[in-house]
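The following briefing is intended to be read beside the sequence and the three-dimensional structure. Please keep both in view while working through the points.

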Amino acid sequence: MEDERSFSDICGGRLALQRRYYSPSCREFCLSCPRLSLRSLTAVTCTVWLAAYGLFTLCENSMILSAAIFITLLGLLGYLHFVKIDQETLLIIDSLGIQMTSSYASGKESTTFIEMGKVKDIVINEAIYMKVIYYLCILLKDPVEPHGISQVVPVFQSAKPRLDCLIEVYRSCQEILAHQKATSTSP
């Protein structure tokens, strides 16, 4: 079963949450951000090139124009390959673990996998960032102290969805964690 709903991020931008239910013990959540705006790309490029042209008229050195073009192209490629994330995916399978995937605008993907045996809980945490924001995070068990937490792994770091979206993902994750605990304790 698959459905899609629209939400907004902490800045008011549009986000699309796709939920895929494969089974009672396996669900996937894909949070898609808007694509790179041609308007903002054009504005930044024109600003850099106009500044370079202004320096060119003062210095009369054509290397300034060449450097501006080169820096703009490298900056754009770097932004698309290392910064701009188009989609973040959370796949949770109760018998295996949690996989988080970030898909960059250039097509590059970054994946992190956490074994279910290391997961203590999934919670919604709050932070103060000029205002109170909420984020979903995975609490990992401390191998030394059984009731302790060794690490907090934030989810959907780039998209930064609002609380209503996080609650939806949180409830579904808690259902799977409860199912996993029930099947692991039963004989």
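Strands β5 and β6 (residues 109-115) run antiparallel and are paired over 7 bridges; two strands count as paired if DSSP finds at least two bridges between them. Helices (H or I, at least four residues) and strands (E, at least two) are DSSP runs, numbered from the N terminus. The model is predicted, and local features need pLDDT of at least 70, side-chain atom pairs count only at pLDDT 80 or more, and totals for chains, interfaces and linings use all residues. Residues are numbered from 1 along each chain as its sequence is written, and side-chain values use heavy atoms, with hydrogens and water left out.

- Threonine 101 has threonine 111 of β6 as its bridge partner.
- The hairpin of β5 and β6 has 4 residues between the strands, and glycine 107 in this hairpin takes a positive phi near 105°.
- Strand β5 (residues 97-104) is mostly covered, with 7 of its 8 residues buried; buried means under 20% relative accessible area, exposed means over 50%, and partly exposed lies in between (1.4 Å probe, protein chains only).
- Strand β4 (residues 85-93) runs antiparallel to β5 and is joined to β5 by 8 bridges.
- Between β4 and β5 there is a hairpin of 3 residues, and glutamine 87 stands opposite serine 103 in β5.

**Threonine 111**

- Threonine 111 belongs to strand β6 and is partly exposed, with a relative accessible area of 46%.
- When neighbours within four places in sequence are left aside, threonine 111 is in contact (heavy atoms within 4.5 Å) with Gln99, Met100 and Thr101.
- The C-alpha atoms of threonine 111 and methionine 100 are 5.6 Å apart in space, although these residues are 11 residues apart in sequence.

- Strand β7 (residues 119-128) pairs with strand β8 (residues 132-141) in the antiparallel sense over 9 bridges.
- Valine 123 has cysteine 137 in β8 as its bridge partner.
- The hairpin of β7 and β8 has 3 residues between the strands, and methionine 130 there takes a positive phi near 65°.
- Strands β8 and β9 are also antiparallel, with 6 bridges, and leucine 140 stands opposite glutamine 151 in β9.

**Helices and the transmembrane annotation**

- Helix α1 (residues 38-59) has 22 residues and reaches 31 Å from its first C-alpha to its last, close to the 32 Å expected; the expected span is 1.5 Å times one less than the number of residues.
- Glutamate 60 follows α1 and has a positive phi, near 55°.
- Asparagine 61 caps the N-terminal end of α2, with a side-chain oxygen 3.1 Å from the backbone nitrogen of methionine 63.
- Helix α2 (residues 62-82) has 21 residues and reaches 30 Å between its first and last C-alpha, close to the 30 Å expected.
- An unreviewed UniProt entry carries the annotation "transmembrane region" for residues 36-56 and 62-82; such annotations may be inferred rather than shown by experiment.
- Residues 36-56 are 90% helix and 0% strand, and their end C-alpha atoms are 30 Å apart.
- Residues 62-82 are 100% helix and 0% strand, and their end C-alpha atoms lie 30 Å apart.

**Loop residues**

- Most residues other than glycine have a negative phi.
- Phenylalanine 156 has a positive phi of about 55° although it is not a glycine; this residue lies in the loop between β9 (149-155) and α3 (163-185).
- Phenylalanine 156 is buried because its relative accessible area is 6%.
- Lysine 160, also not a glycine, has a positive phi of about 50° and lies in the loop between β9 and α3.
- Lysine 160 counts as partly exposed, at 38% relative accessibility.
- Lysine 84 lies in the loop between α2 and β4 and counts as buried, at 12% relative accessibility.
- Leaving aside neighbours within four places in sequence, lysine 84 has contacts that include Cys33, Tyr79 and Tyr104.

**Domains**

- The protein is divided into domain 1 (1-34 + 82-183) and domain 2 (36-80), with bounds that come from an automatic or database domain assignment.
- The contact between them takes 7 residues from domain 1 and 4 residues from domain 2.
- The C-alpha centres of domain 1 and domain 2 lie 37 Å apart.

Key:
Polar contact = N/O pair within 3.5 Å; in protein donor to acceptor, adjacent residues only side chain to side chain.
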